[in-house]
Amino acid sequence: MAVKSILDHIGLLWTMADEAEGNSASARQGREAMREVGAIENAAIAIDDEGRILAAGPRKQVVEMADEQTKWIDAEGGFACPGFVDPHTHLVYGGSREHELPMRLAGASYLDILQAGGGILRTVKDTREASFDELFQHAKASLARMLACGVTTVEAKSGYGLELATEKKQIEVASALSQAQPIDLVLTALPAHAFPKEEGITRDDYVNSCIEWLPVLKEAGAGFADVFVEKGVFTIEEGRRILTAAKALGYGLKLHADEMESLGGAELAAELGAVSADHLLAASDEGLLQMASRGVVAVCLPATSFYLQKPAARARFMIDEANLAVAIASDYNPGSAPSENFALTMSLALLTLKMSPEEVFMAATRNSANAVSRGDLAGVIAKGRPADLVWFHAPNPAYVLTRFGVSHVAGVMKAGVPVYRA
Ligand code: NIG
Ligand code: FE
């Protein structure tokens, strides 16, 4: 197979795999495994005509594979790793909610604002009113910001329609975007994000509607279903009904679980065999242990706890005591995490979740790929996989994380194609 290009002069490469594993890259659970980053110094990566990795290893061995046609890309001695996977975003929405921050700083809580018809319900109004093209252009600009942080796969949820037409519009916008820019999108149906304000709709009516819409949203491209299980939003029992129906339709399951109150969302995720449970600020020890034993990925959202000014999730307990596979995500959305900056999310994982640099990168690559069931395609650099790569103007990963708040990305490659240069 011809060598189409070589990313050369990588000072330090973290592959997130070891060679013996071949292509099976399941999530890594617990402290020891989450720190096994597959480090190679003075490395290079050869990419074939189909955009797949032919070889990743010590540069002396890799550069020998070149022929006259090979294109060279110079990483200038910087650090490189797999393209990042952001496994929890609310990418597609209308309007913006900057007016809520002064309310929160004056003492109103996130849930107070939602109860009063603001918050998610405000964005629902704006998203219903927005045209397909407005939503598309707005989200496309967000994806460009994510790409500049090295993100090559993004999960995107519906949840700002709370009626079929708009939920479907959100999924269709995200689906169209996956054809229109280089980042891969994974789509999630979240009609159970809040209760709509319309007169005369009972809770039961709305839960039944969510279940009725699931086949349509699946047809539109959603592969995951999610529910915001929270005090004052959806109960455990309502979450169980919707997610059980989703599972029967072949959806992968996700949950917004135990963000503000310990309701048993983590336990529900374990019971249903969810792919991930996300937020988890208030999750019980028992719930976290059950998740680990069922192989549910714990997705921590450190930008959200930061922006809501809450104590971060207990990532140290999750990793050290519960032996969980922890992933991180931006939770990009207009209310609780209005930032596409995945570099900041990663630094906040270091600073507020108290994860080591190895754990942060594992949580942003291999484990986050598994949080969207893409462990076979993304998050790891190994022979035969799509060449989703990011390299930095930085000598090492600790530098990337500690020089916080900005992206240090020098270049990004998606499926073997250079798609971004700083
Ligand atoms: O993950 N917690 C619920 N949903 C989002 C916030 C959505 C919004 O505020 O618009 C979250 O934080
Ligand atoms: Fe969310």
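A cavity is a set of points, on a 1 Å grid over the protein atoms alone, where a 1.4 Å probe fits but cannot get out, and its lining residues have an atom within 4 Å of a point. Grid points are joined across faces, edges and corners, and a volume is the space filled by probe spheres set on the points.

The views show a predicted model, in which local features need pLDDT of at least 70. Residues are numbered from 1 along each chain as its sequence is written.

**View 1. The largest cavity.** This cavity holds about 90 Å³ of space, and the search of the whole structure finds three cavities of 30 Å³ or more. Of the 13 residues that line the largest cavity, His-90, Tyr-110, His-193, Asn-333 and Ser-336 lie nearest its centre.

View 2. Ser-336 is placed in the loop between strand E13 (326-328) and helix H14 (342-351), where helices (H or I, at least four residues) and strands (E, at least two) are DSSP runs, numbered from the N terminus. Ser-336 counts as buried because its relative accessibility is 3%, buried meaning under 20% relative accessible area with a 1.4 Å probe, protein chains only. Beyond its neighbours within four places in sequence, its contacts (heavy atoms within 4.5 Å) include Tyr-110, Thr-304 and Asp-331.

**View 3. The second largest cavity.** The volume of this cavity is about 60 Å³, and its lining includes Phe-84, Cys-149, Met-346 and Phe-392. Because domain 1 (3-83 + 380-421) and domain 2 (84-370) both give residues to this lining, the second largest cavity lies between them; the domain bounds come from an automatic or database domain assignment.

Note on methods
Chains are lettered from A and ligands numbered from 1 in the order in which they are written. This is a predicted model: local features need pLDDT of at least 70, side-chain atom pairs count only at pLDDT 80 or more; totals for chains, interfaces and linings use all residues. Side-chain values use heavy atoms; hydrogens and water are left out. Buried means under 20% relative accessible area, exposed over 50%, partly exposed in between (1.4 Å probe, protein chains only). On a 1 Å grid over the protein atoms alone, a cavity is a set of points where a 1.4 Å probe fits but cannot get out, and a pocket is an open set with protein on both sides within 12 Å along at least five of seven lines; lining residues have an atom within 4 Å of a point.
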